[in-house]
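Please look over the sequence and the structure shown below before reading on.

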Amino acid sequence: MNGQENMTTDDGYVSGSHLLQPGVLDTSHGVVLYLDDVTVSFDGFRALNKLSFSVDVGELRCIIGPNGAGKTTMMDSITGKTRPDSGSLFFGQTLDLTRMSEAEIAQAGIGRKFQKPTVFEQHTVFENLELALKCDKRIWHSLFGKLTGQQRDAIDEIMNTIVLQELANSRAGLLSHGQKQWLEIGMLLAQQPQLLLLDEPVAGMTDHETERTAELLNTLAGKHSIVVVEHDMDFVASIARKVTVLHEGSVLAEGDMATVQSNEQVIEVYLGR
Amino acid sequence: MHSNYQPFLLRLLGNSRWVGYAVALTVICILIPVLNLAVPEDSALHLSDYTVSLLGKILCYAMVALAMDLVWGYTGILSLGHGIFFALGGYAFGMYLMREAADAGSQLPNFMVFLDWHEYPWYWAGSDSFIFTLLLVVLAPGLLAFIFGWFAFRSRIKGVYFSIITQALTYAFMLLFFRNETGFGGNNGFTDFKTILGIPIATAETRIVLFALSGLALLAMLWMSHRIVESKFGRVLTAIRDAESRVMFSGYNPLHYKLAIWTLSAMMCGVAGALYVPQVGIINPSEMSPANSIEIAIWTAVGGRGTLIGPLIGAGAVTALKSWFTASFPEYWLYFLGGLFIVVTLYMPQGVMGLGKKLLGKKS
């Protein structure tokens, strides 16, 4: 897999230094996600209006914005749930997300956490992670494949990270709200994605849990590229290096937290409400 | 897994499921045949031919309930048209039986003679071959399910909309099969069978063989279903039922999984239908009526969705109740069935199996 090298290198573009590989993420230009002029309308209402921005490899980006700014629609378009009316959406340089199905996008390396924690409630914590684990996800393999020792170790490691190892055999439906959020983040990690999209990861968490989540995300940044949509400004301030403010479907401001907070327009539409 | 070191036989005995299979096998292949054929008729232990044919029918219904459970109980797809797959399997086998029983002079079944047809229509080709018939029994329902499922699941039709469309599907087929010109005997369907593979069909021995075959088919399906449900494939199905979007965003294509289990379920129904027809001696379009398909869903609900044994109990209990009810108070059966469905849905979401677990004090 020569393409694997390209996934992690971000030492700039050298002409002819690598071959294009279909279906493999190519981030040799240092950009992992690229949105250009993306427009999505629902019955005439423009949820996204010529939205353009990009996310670099290893970056932890926070997206904020008032209700109806288009944050969830943006996530939906990136993950293939909603098709843009116009504009382009690229994962790395080569993967055109507008032409891929949800499952293909997930397999290519984009993991998504929903606003409401979505785990498989009837399955155990272990089984949830097993189902999410990166592997062949076609029918035949699911019918006859067995977990390897390596895969078990990987699951154990994730359970340690999300502090649920004690509850490995409990049904996920019995977990607390915060634990479910963590399990879902763990499931994303099991997918080994290049890009994590987190929709309000600390909603409904206690202060302590929020703090630990911030720690976790800070350790993950660098290894993964992360996009967080969040309302909790303290949380955003504790993790964000770069913030993008959305308003009425397009980018209003972008920069570090201090710059954004002092931006007149941002104060008007959002912060100074 | 230390059990790997135990001797094979001990392991088999230690596993209550294998004991269950062994007991069922003995009952089906030895006990019931002996009680029916060898025990004299005046003995209290004698099983009448009527009872054997009722039991045989129940075994076929149990296969359908199991097939229904795989798609409804485990995958969350409620079909209200599973009767069509059962009926197609039955018709496919019925075609073979009609050929065997064809009029000696014209070589055609009587209903074709009445229509003044002089040869078999093209879609009857191959039905004189027993092997081809066995293939057709699974392929006809399988193909219909595959095509229907492909379009329905690809368009992401779900929930009650899907259920209503399956209901319409079976109804449309019923109307089609009612027409004499369709070439399947119109509203009389197929009956007056004489032989299978040249062996007379109405003897006690043939009946008991068909009964045993039904039992073996049911056990094989039960074993297969266990394997499916306990594999990762099965866990993906349950995950689709509980949170389909999470399954998609985990990199699985739910379309493939749904289509696979849906088609397999239809094929299981086809086999059940093929075993049913020679035992009851008739197949007609009423098997495709919406009420029949709803009854299938009720068997599964009564027994317990998402358990493999539950639907078998449900099919047996409801069928036994029905045969008693329709003899004693025939006009009230449908009211009773509707009431049963409401009570089970409201108070026994896990059916008889859930109730049993509760009574035994186990946490479900």
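How many salt bridges does a search of the whole structure find over all chains? The search finds 17, where a salt bridge is a side-chain nitrogen of Lys or Arg within 4 Å of a carboxyl oxygen of Asp or Glu. Side chains of opposite charge can pair when their charged atoms come close. This is a predicted model, in which local features need pLDDT of at least 70 and side-chain atom pairs count only at pLDDT 80 or more, while totals for chains, interfaces and linings use all residues. Residues are numbered from 1 along each chain as its sequence is written, chains are lettered from A and ligands numbered from 1 in the order in which they are written, and side-chain values use heavy atoms, with hydrogens and water left out.

Six strands of chain A form an open sheet with mixed pairing, in the order β6-β7-β8-β3-β9-β10; helices (H or I, at least four residues) and strands (E, at least two) are DSSP runs numbered from the N terminus, and two strands pair if DSSP finds at least two bridges between them. The edges of this sheet are β6 (110–113) and β10 of chain A, each of which has a single partner strand, so one side of each is left without a neighbour in the sheet. On average, neighbouring strands here are turned by 20 degrees against each other, with direction ignored; the axes behind such angles are lines fitted to C-alpha atoms, for helices over the stretch in contact, and angles run from 0 to 180 degrees between N-to-C directions.

Within this sheet, β6(A) and strand β7 (residues 195–199) of chain A pair in the parallel sense over four bridges, and A:Arg112 stands opposite A:Leu197 in β7(A). Strand β3 (residues 60–64) of chain A also runs parallel to its partner, strand β9 (residues 242–247) of chain A, to which four bridges join it, with A:Arg61 opposite A:Lys242. By contrast, β9(A) and strand β10 (residues 250–255) of chain A run antiparallel and are joined by five bridges, and here A:Val243 stands opposite A:Gly255. The hairpin of β9(A) and β10(A) has two residues between the strands, and in this hairpin A:Glu248 takes a positive phi near 45 degrees.

Chain A also has an open sheet of four strands in the order β2-β1-β4-β5, with antiparallel pairing. Its edge strands are β2 (45–56) and β5 (95–96) of chain A, each pairing on one side only. Strand β1 (residues 31–42) of chain A is joined to β2(A) by eight bridges, and A:Phe42 stands opposite A:Phe45 in β2(A).

Returning to A:Arg112, its side chain meets that of A:Asp76 in a salt bridge (2.8 Å, N to O). This pair links distant parts of the chain, since A:Asp76 is in helix α2 (residues 71–78) of chain A and A:Arg112 in strand β6 of chain A, 36 residues apart. Are these two residues buried or exposed? A:Asp76 is buried, because its relative accessible area is 13%, and A:Arg112 is buried at 3%; buried means under 20% relative accessible area, exposed over 50%, and partly exposed in between (1.4 Å probe, protein chains only).

A:Lys180 forms a salt bridge with A:Glu121, the closest N and O atoms being 3.3 Å apart. A:Lys180 lies in α7 and A:Glu121 in the loop between β6 and α4 (125–132) of chain A, so the pair ties together parts that are 59 residues apart in sequence. A:Lys180 is buried, with a relative accessible area of 14%, whereas A:Glu121 is partly exposed at 32%.

In chain B, helix α10 (residues 254–280) has 27 residues that should span 39 Å at 1.5 Å a residue, and its end C-alpha atoms are 38 Å apart, which agrees; the expected span is 1.5 Å times one less than the number of residues. Of the 27 residues of α10(B), 21 are buried, and just after this helix B:Gly281 takes a positive phi of about 80 degrees.
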